[in-house]
Amino acid sequence: MDVQEAVAESAPAEAAQDKKDGLRRFTMGPNDSLEGKLTYDGHVHVDGRAEGELHVSGNVEVASGAKVKALIEASNVTIKGDVEGTLNARDKLILGKNAKLSGDVTVRRLQIEDGASLNGHVRMGDFEHQGSGG
Amino acid sequence: MIGELHIDGDVRLGGTVQGEIHATGDVEVDDAAKVNASLAGGDINIRGSVSGPVTARKRLVVARSGSLTGDVRVARLVIQDGATFSGNVSMGPQPDAFTAAPEPPAAAPEPVTEAKAPEVAPEARLSRTDAKAKDKPKR
């Protein structure tokens, strides 16, 4: 009956998550797709398909089932789906057990769970001066 | 230890190791170990410092006290939080073919320090290609 109500309902629910650490959150669903360059001040949850570049000040989560073909640059990156591209994690990269990552990786800390698949060059170290100063 | 070691079984490395380690079984690198060698084994568990290519036919685990620099070819990979790792990673089921080089497949009980062992392998790898039959197998 009241379609407007349905729309308004989802906003407060998301807002509750957003304000958890003061950072906004950009959330994609499994049917969503993103093509292009996204620069986001906050956390990004990637699901569905993404292609291009993601420059994120906060964390990036790639949901299981997501297919990403992009350059990702963020603080912490957690991958549970399929990612192809260059990855720069200013802090930590976590590959979950169904994760697939192909590409070069530059991280400070790395955690790869059993079952994950990784192909590419890994560089570990301190990268404070790299990135967009996020 | 400095040199080339072929072990039929498991091997555990402590201290300083330089050269090549080939194990048919598992390889464990102790947390105080400093290994500057290529490692090949089934399950490889690194708790110390390793510099060199690593090939794990089954699984490679770099523990949080571990540090690995070098290219890695594994079927499965686990890197624990706190571990250090730099290098190229190539994952996928690792066939036993490439391990045939250091290991004499038929003559298992032979002491592997003999130079004879490596000679057997290239033939085994090139055996079915008649075109190359007249070429000297290059190691």
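**Around A:Gln111**

Modeller: Let's start with A:Gln111, which sits in strand E13 (residues 109-112) of chain A; helices (H or I, at least four residues) and strands (E, at least two) are DSSP runs, numbered from the N terminus. This is a predicted model, where local features need pLDDT of at least 70, side-chain atom pairs count only at pLDDT 80 or more, and totals for chains, interfaces and linings use all residues. Residues are numbered from 1 along each chain as its sequence is written, while chains are lettered from A and ligands numbered from 1 in the order in which they are written.

Colleague: Why does A:Gln111 count as partly exposed?

Modeller: Because A:Gln111 has 19 other C-beta atoms within 10 Å. A residue is buried if 20 or more other C-beta atoms lie within 10 Å of its own, exposed if 12 or fewer, and partly exposed in between, with C-beta atoms placed from the backbone.

Colleague: And which residues is A:Gln111 in contact with, leaving aside neighbours within four places in sequence?

Modeller: A:Lys92 and A:Ile94, plus B:Ile79, B:Gln80 and B:Asp81 from chain B. Contact here says that the C-beta atoms, placed from the backbone, lie within 7 Å. As for A:Glu84, that residue is 27 residues from A:Gln111 in sequence, and the two C-alpha atoms are 18 Å apart.

Colleague: OK, on to the two chains. How many residues does the contact take from each chain?

Modeller: 15 residues from chain A and 14 residues from chain B. On the chain B side, the elements that give two or more residues are strand E9 (72-79) and strand E10 (84-91). The largest share comes from E10(B), with eight residues.

Colleague: Which strand of chain A does E10(B) pair with?

Modeller: Strand E14 (residues 117-124) of chain A, in the antiparallel sense over three bridges. Strands pair if DSSP finds at least two bridges between them. A:His121, for example, has B:Asn88 in E10(B) as its bridge partner.

Colleague: Switching to B:Val54: buried or exposed?

Modeller: Buried, because B:Val54 has 28 C-beta neighbours inside 10 Å. B:Val54 is in strand E7 (residues 54-62) of chain B. Beyond four places in sequence, its contacts include B:Leu39, B:Ile44, B:Leu60 and B:Leu68.

Colleague: Where is confidence lowest in chain A?

Modeller: In helix H1 (residues 3-18), at a mean pLDDT of 44; pLDDT is the predictor's confidence in each residue, from 0 to 100. Strand E7 (residues 77-79) of chain A is highest, at 98. Over residues 3-19 of chain A, pLDDT stays under 50, and the model has three contacts beyond four places in sequence for them. Where pLDDT is low, the predicted coordinates should not be read in detail.

Terms used
Two residues are in contact if their C-beta atoms, placed from the backbone, lie within 7 Å.
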